[in-house]
Amino acid sequence: MDRSKQKVIDLLVDAHSNEVALIDVLQAHLSMAERGSYRSTVEAHLRETEQHAEKIARRLTRLGYRESMPSMARGAVLNLVKQGLGLTKTPIDLLRGKGDVIEKMLRNAMDEAMTEGFEIGSYDAIEAFALSVGDHETAELAADIRLDEERMFDSLRKEIPALAAQVASSQIAPTQLGTEEPWPGYDELTVEEIVAEIDDSSEALILVLRDYESRNKNRSTILKATERERV
């Protein structure tokens, strides 16, 4: 086997190991995630990661790689993804209070986003190397997976501000919750003006607004506007 083909195989084996390790990580994260958009994102991430591992395994088979896939999975124990995300940790936050669970979800989302960045760089490298040695099939596979990783990275980034806002609210004394206007002059605005502002607000600000509105004027039109599905 020529050296360039062997290098492509080596890069794909590393990528497969990372995907397999990430499957374990995401299963652990999913086991303690509460229902909501973040949990849905993790579920989608897990399905996508399993698909990536399968696609890489098939490509390795076509390239003549002979080591068994279970053996490849065992090799993932020492890889960067597993080390970086601390796979051996147990989600003990399930035994603590609600605030601790949300904080763990926030840390998990940040870790997952970090891993996506690492994987994006890895698939960039695989695509470039494969193109340089004329392996267009591997290059196309790497490019397709990288696009998935980029979309997932964007999805995770949208979850982080909302989770951070929930952590902050869980650490505020009950007597303080809902006492501060979402922004100066909020109480002087009409319902229509507030709804118009919601369209351009961050997820974190919307959470604060929803909490304040529900504890004070509790206007259904405004609360409904805050429940729009994120894109």
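Helices here are DSSP runs of H or I with at least four residues, numbered from the N terminus. With that numbering, R151 and D148 both fall in helix 6, three residues apart, which is about one turn of the helix. The model is predicted. Its chain contains nine helices and zero strands, and buried residues account for 42% of its 231 residues.

**Overall fold**

- Along the sequence, the chain reads α-α-α-α-α-α-α-α-α.
- Helix 5 covers residues 98-132, and helix 6 covers residues 136-170.
- Helix 7 takes in residues 191-198.
- Helix 8 spans 203-215 and helix 9 spans 220-226, with a loop between them.

- Side chains of opposite charge can pair when their charged atoms come close.
- Across the whole structure, a search finds eleven salt bridges.
- One of them joins R151 and D148, with an N to O distance of 2.5 Å.
- D148 counts as buried because its relative accessibility is 15%, and the cut-off for buried is under 20%.
- Another salt bridge links E150 with R146, whose closest N and O atoms are 3.5 Å apart.
- E150 and R146 are four residues apart in helix 6, so about one helical turn separates them.

**Other salt bridges**

- E213 and R219 meet through their side chains in a salt bridge of 2.7 Å, N to O.
- Both of these residues, E213 and R219, are buried.
- A network of salt bridges links four residues, namely R59, R62, D135 and E137.

- N108 is part of helix 5.
- The relative accessibility of N108 is 1%, so this residue counts as buried.
- The side chain of N108 makes a polar contact with the side chain of H29, at 3.3 Å.

**A negative surface patch**

- E192, E193, E197, D199 and D200 form a negative surface patch.
- E192 is exposed because its relative accessible area is 59%, and the cut-off for exposed is over 50%.

- N218 lies in the loop between helix 8 and helix 9.
- The phi of N218 is near 55°, a positive value in a residue other than glycine.
- Most residues other than glycine have a negative phi.
- N218 counts as partly exposed, with 46% relative accessibility.
- T221 is found in helix 9 and counts as partly exposed, at 48% relative accessibility.
- The C-alpha atoms of T221 and V195 are separated by 8.0 Å, while the two residues are 26 residues apart along the chain.

Notes: Residues numbered from 1 in each chain as written. Predicted model: local features only at pLDDT ≥ 70, side-chain atom pairs only at ≥ 80, totals over all residues. Heavy atoms only, no water. Patch = residues over 30% accessible without salt bridge, like charges linked within 9 Å, V, L, I, M, F, W, Y side chains within 5 Å. Areas by Shrake-Rupley, 256 points an atom, 1.4 Å probe, with all protein chains shown as cover. Lys, Arg positive; Asp, Glu negative; His and termini not counted. Charge placed at Lys NZ, Arg CZ, Asp CG, Glu CD. Helix = DSSP H or I, 4+ residues; strand = E, 2+ residues; numbered from the N terminus. Buried < 20%, exposed > 50% of the residue type's maximum accessible area, 1.4 Å probe, protein only. Polar contact = N/O pair within 3.5 Å; in protein donor to acceptor, adjacent residues only side chain to side chain.
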